[in-house]
Amino acid sequence: MTDYFEVHSRDGAARIGELRLSEPLWTPALVDDVLADAGSLWPEEREVPDGDESALTVLPHRAFPGGTPGEVSEAFAVEYPDVEYPSAAVVAPDTAADATAANADAYVLSNAQELAGHARAFVTAVVRTREAIPADTALHLPGVATPANVATLAYAGVDLVDTDLAVVKGTQGRYLAADGEYFLEDLTDLPCACPACQQSVETFDREACETHNVNALRAALGTVRERIRSGRLRDYIEGQARHEQWLTGVFRRLDQQYGYLEQRTPVLRRAEMAATSDDTLRRVEIQRFAERVTGRYRCRFDNPLVLVPCSARKPYSESQSHGQFHDAIQFRAHTVSMTSPIGVVPQELELTYPAQHYDAAVTGHWSASEIEFVADVLEAYLRRNGYPRIVAHVPDEGYREICETVEERLDLDFEYTVRDHPTTGDSLSNLASTLSTELKYGKRERQHNTLRAIADYQFGDGAGDALFEELRVESRYPKLRAHDADGEQLAALVPEYGLLSLTLAGARRWVDSDAPTKRVEIDAFVPHGSVLAPGVVDADDSIRVGDEVVIEGPSAFAVGRAEMSGPEMAESTRGIASRVRHVEET
Amino acid sequence: MSKPSPEVYEQGRGMDAHNQAMREIRARKDRTYDPREPTRVWLDEDNTPDGVYDSLTIILNTGGCRWARAGGCTMCGYVAESVEGGTVAHEDLMTQVQTCLDHERENAEDPAGQVKIYTSGSFLDEREIPVETRQSIAETFADRDRIVVESLPDFVDREKIADFTDRGLATDVAVGLETATDRVRRDCVNKYFGFAEFERAAADAREAGAGVKAYLLMKPPFLSESEAIADMKRSIGRCADVAGCHTVSMNPCNVQRHTMVEDLFHADGYRPPWLWSVADVLESTADEDVIVVSDPVGHGSDRGPHNCGDCDDRVQRAIKDFDLRQEAAVFEQVSCACERTWEAVVERERTYSMPLAR
């Protein structure tokens, strides 16, 4: 049982947590003031302290610093007692799994000095430790936090840090900032406005530098918490971490730990996503969208394909350029937007996270990796979806190169309709005349296909047909509602993130269908509003934050939206596992 | 509330692990040594109960410490400086002694009043130094005033010491006690004897008319800076209370090749002690009824005890000054901006966050 730590929200591996002391501490945070070290067992035997709820007690420990031979850490490992007050166990990555029996609320990693500055070792150790300890426990990385690295530490899954290194650096005349470290004697300005820096650089001494460093670390942690709350830590990291090479190395190597990040990354957000670097291409959200579009989505239109460039305005259909494309196409073709960093966006998925949420820096110039990525996605898309004709209404820069690459790879013939620029009169009339002989599809077909496409994307290949066998659509795009033949509502499209929310009838359809159901098994109670983790008996591993889930137990059948991943639900003893939208007693 | 003891360390298990790890680490060394060459010889000056003496200091190459062959101490690389394969013959050992005498003759005007003989293990272990050799060496140096021989306490007995005292030499047995805390000696240093054994050896030496010099190790692995300081202060106090133990030589740990300490050091898990810590211990134990000296080896380097790089030589000089004068006031003469860093480290560093500063 984790009694004193609860995760309230998640942004990838980073979390907003609450260390539930007599005065709660919201994490990621400095733990200095609330940490009570019961001491090391290396020099002397120690009693398990009495402890209380005012502090996080570090249980008597034997720390294994970097370089400790495996047989030594194994032989000297401490069996921690299970205590009834907030407690932390000191572990090394290799001993963490064995230490979980004591149900500590937090774990202190004893080889942090070995990890800081070394991206590969850091990522390996943090991932290994995080996976060994329960999700609803805090991870403390002592003695290494700086204003520059703390965002990346949190991004990797660290919850607690301290001021020790910041103070020590201050005593050495090293002035710390979010963009790195300055030697005090080199500074002409004090690039900060904290109270310690309210003086001239001439009078600013090392004591002031210690205070400033702590202030800067506090401020950096405030930024981290706000970024996590708004679901935008990754956007920040991609920029800020670049100030130190090893931090850039950390987030890039974490991208290669796809399983670790994917499990922790929500399937939807309302927040904007900044697409400002090549690293954005490797974000889980981007990779996941491309995977689903090329592996789950299926085009249900019989019309030709028109490839168009994306627009800055989202959703695309509300942009001026896409309005012009639409006027030319007139429902005679299926429109798919090409875009970096998303890849390809079929018109039915233009609302679906992150298609309407990303914002790229548009220069007209495409990097080689962007071209490669979008070409790969388009190729995979066209392997899965056949069209009678493919019209490429794209400008020269990047787009044309991608189209020609894919055309050649798949031995297809694209018809190119742009002269000069896609929105010139010539280009648009060329597009219109190219399609003039094609038949139009109707509003009903468009709406049905949209709902089914989103169901495919959200629930799996073929789910659109399995869930919506016979379908009646009500209301207007984008607020579409899916009803069955009898008029019972099954689902609604949520315009903010382009995914479906199910009704109880929809959930029952899902359970009865061949589409893989994401199921949360609960104890015998009827949940209202939410299901808490202790009530969860088991949960599908595939559940991600934001997923629709069916909640079932001896007393209730419900549908809701997951607040935790499946593995986190199963191993947590605190926190909200899922919101409940509709419930009925059974 | 369940409240089991956190102490699950099983007697022997930790030592087996240390030994296994150390054997693997030592196996990496590939150098061998000439059995006719001493490991090292130098001339220096020492504070003794009889005043300050010029010393001829010899490290004999004896084939190595038996304990080190089993694995041995976590910080000790001297086994790597021993001959391969085992014992060194009497003739070879005497050749080494002769080399040392030649060195002295070339570098000093007069023979030193004191001779200190260390080995890579125990001078009084007869499997290392045969009886014949011990007696020949005693005879060789019978004209000096004082002799110091190094030994683990197990090998200390009256008859062996009598070889020296009977020849009129004021004799000290130097014992690598490392710390008065049995737990630290066992778990951090991986040395097998207890403080009681040291007390027994001191009593035996005293009965034979000899004295004991305790060698302490400042900052073994797995201790934070503040724990290391506290352990030394406590240890010096306990040594002072042992009858016959008239001198404590506190050696700040340095990073020797092919040791566990070196592995920790390379993985940012160990930093040798600050010279400020050495000064702090000397200063605060100056009033103890025992001579306390320290000779920081490799001072100022990353692998040796060091401060910030600017003040290392000055602090080292103060320490050497203290060795001869035993006056705490010598440390009032030195200061540096890095004292504040040291203070922060002492206050903040934990075994789970060390080293906080390099």
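The model is predicted: local features need pLDDT of at least 70, side-chain atom pairs count only at pLDDT 80 or more, and totals for chains, interfaces and linings use all residues. Residues are numbered from 1 along each chain as its sequence is written, while chains are lettered from A and ligands numbered from 1 in the order in which they are written.

**Stop 1: where the chains meet**

Show chains A and B together: 45 residues of chain A are in contact with 46 residues of chain B (contact means C-beta atoms, placed from the backbone, within 7 Å). Helices here are DSSP runs of H or I with at least four residues, and strands are E runs of at least two, numbered from the N terminus.

**Stop 2: the sheet**

Next, find the open sheet of chain A, where four strands follow the order β20-β21-β22-β23 with antiparallel pairing (strands pair if DSSP finds at least two bridges between them). Select 472-474 and 499-502 of chain A: β20 and β23 stand at the edges with a single partner strand each, so one side of each has no neighbour in the sheet. Zoom in on β21 (481-483) and β22 (489-494) of chain A, joined by 3 bridges. R481(A) has A492(A) in β22(A) as its bridge partner.

**Stop 3: the helices on the sheet**

Select 443-459 of chain A: helix α16 lies across β20, β21, β22 and β23, running at about 85° to β23(A) (axes are lines fitted to C-alpha atoms, for helices over the stretch in contact, with angles from 0 to 180 degrees between N-to-C directions). Finish with 504-512 of chain A, helix α18, which touches β22 and β23 and makes about 100° with the direction of β22(A).

Conventions. Two residues are in contact if their C-beta atoms, placed from the backbone, lie within 7 Å.
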